[in-house]
Amino acid sequence: MNSGALTRVTLILGKSLNDSEAATILENESRFLVTTMRVEDVARSMDVPMTDVVIAEIEDMTEEELQIFSEVRAIAPDIPLILLSNALDHDAMQKLLRYHVQDWLLKPVDKPKLLTSLRSSVRTNRNSHNTVNAIISCVGGAGATTVAINMADIASRKLAKKDPNIALVDLDFSTGNCGYVLNMVSSLNLGSVKNAHRRIDSEFISVIQQKHDAGFYLYSFKRPDVNTEMNGQELILRLLDAISLEHSLLFLDIPYYATEWRDDVLAGVNSCTLVSEVNLPAIKHTLDLLEHIRSIRGDDFPVHVLFNKHANQLFGQRISKSKIEELLGDTPFTFLPVDSSTIGEAMDRGVLASEISTRSAFLKKLTAYMESMNLLGTKKK
């Protein structure tokens with residue numbers, strides 16, 4: 001089930017070119033999906049396929065060749081653009097600046113330089129446009145893993161037409177439970193790179209990731225020693241950094257217990273979803289965690305509490321909604337209904353809750369929450 005995240009490349013050839021050096025270099029690189037167009041095709045259709053990066057390959061810079069950049073930027077103003085050409089004079093280089101060209105490579109093209117340029121351009125673009133959502137359990141057994149898995153699934157289904165690049169990252173190395181719940185247990189030994197952090201790059205990420213049939217990528221490992229290793233913090237932060245550069249929308253399943261790297265992770269995410277339960281000890285832990293997060297990110301940082309496994313009772317709740325409002329103050333909260341039948345069957349079968357029942361009250365409420373909080377990556381937090 002391992003599958004590397006593909007980089008979609010649109011290759012636009014100048015009118016004078018019959019052969020492409022870039023196409024020859026990339027044809028045997030499985031991580032790159034190349035669509036080739038002629039400059040006249042772009043001008044005629046005024047369209048560029050959905051892509052991660054555009055390569056414009058020309059011979060020499062003329063006014064006619066410059067039209068490539070004008071048309072590409074009119075259609076795709078934010079997509080990284082790389083130029084391959086013969087030597088350019090100062091005036092030509094000045095003109096390129098107007099079109100925000102990320103890199104220029106001299107022909108004949110050096111393969112390592114082209115691959116490095118592609119990966120660097122795509123990583124920079126993804127890093128500036130991705131959204132990272134943390135799902136944190138306030139107490140053991142609150143169900144944060146279930147919530148995180150289903151949030152990744154909901155995002156994959158809701159954004160399917162937008163061709164999303166979604167990742168679910170399990171940071172509970174004590175159990176690696178996301179992999180167990182989804183029947184996608186990884187045999188990878190993360191300890192193999194604990195003293196060789198430079199090996200944690202895009203190629204390493206393509207090896208360790210698993211792709212679920214629903215469309216999202218999973219990173220989940222049972223490695224309890226990672227939490228206590230001397231180099232564990234650096235390993236986890238480098239791993240997260242590399243993963244975040246590969247995906248546009250991430251969901252992090254963060255355990256309830258403290259680790260030396262948890263605050264660093266919380267300092268870099270776009271939002272936090274706290275998963276708790278409606279009982280007094282759980283609410284007290286929730287308040288403690290809220291205070292801690294506010295101390296790191298400030299009062300304006302988006303935090304929302306989900307009270308999971310909530311069941312309506314005929315004669316009222318032990319802890320009323322008004323009491324919870326009083327305790328949480330300005331922090332918004334949502335009740336997720338208990339759905340033991342659907343969730344339990346999904347876990348037993350190693351499938352998603354949506355494969356058991358798309359009408360699940362739990363999924364409907366969680367979907368509504370994600371839409372209301374803009375957790376589907378439609379705009380930058």
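**Second largest pocket**

I began with the second largest pocket, which holds about 430 Å³ of space. For this I took a pocket as an open set of points on a 1 Å grid over the protein atoms alone, where a 1.4 Å probe fits and protein lies on both sides within 12 Å along at least five of seven lines. Grid points are joined across faces, edges and corners, and the volume is the space filled by probe spheres set on the points.

A note on the source: this is a predicted model, where local features need pLDDT of at least 70, side-chain atom pairs count only at pLDDT 80 or more, and totals for chains, interfaces and linings use all residues. Residues are numbered from 1 along each chain as its sequence is written, and side-chain values use heavy atoms, with hydrogens and water left out.

Next I listed the lining (residues with an atom within 4 Å of a point). I found 28 lining residues, with Gly-141, Ala-142, Gly-143, Ala-144 and Thr-145 nearest the centre of the second largest pocket. Two or more residues each come from H6, helix H7 (177–181), strand E10 (249–254), strand E12 (303–310) and H13. Helices (H or I, at least four residues) and strands (E, at least two) are DSSP runs, numbered from the N terminus. Which element gives the largest share of this lining? I found that H13 does, with four residues.

By type, I sorted the lining into 13 nonpolar, 11 polar and four charged residues. Here Ala, Val, Leu, Ile, Met, Phe, Trp, Tyr, Cys and Pro count as nonpolar, Asp, Glu, Lys and Arg as charged, and the others, Gly among them, as polar.

**Helix H13**

I then turned to H13 itself (residues 340–349), where Thr-342, Ile-343 and Ala-346 are buried. Buried means under 20% relative accessible area, exposed over 50%, and partly exposed in between (1.4 Å probe, protein chains only). A reminder to myself: an α-helix has 3.6 residues a turn, so residues three or four places apart point the same way.

On the other side of H13 I found Ser-340, Ser-341 and Asp-348 exposed. The buried residues of H13 pack against helix H6 (144–158), helix H14 (353–356) and helix H15 (361–372), with contact meaning heavy atoms within 4.5 Å. After H13 comes Gly-350, with a positive phi near 70 degrees.

Most residues other than glycine have a negative phi, and most peptide bonds are trans. I noted Lys-309, not a glycine, with a positive phi of about 60 degrees. Lys-309 is in strand E12 and, at 42% relative accessibility, is partly exposed. Asn-374, also not a glycine, has a positive phi of about 55 degrees. Asn-374 lies in the segment after H15 and is buried at 13%.

I also found a cis peptide bond between Lys-107 and Pro-108, with omega about 0 degrees. Pro-108 is in the loop between strand E5 (103–106) and helix H5 (111–129).

**Val-72**

Val-72 is in helix H3 (residues 63–75) and is buried at 1% relative accessible area. Beyond its neighbours within four places in sequence, I found Val-72 in contact with Ile-12, Val-54, Pro-77 and Leu-81. Val-72 and Ile-12 are 60 residues apart in sequence and 9.5 Å apart in space, C-alpha to C-alpha.
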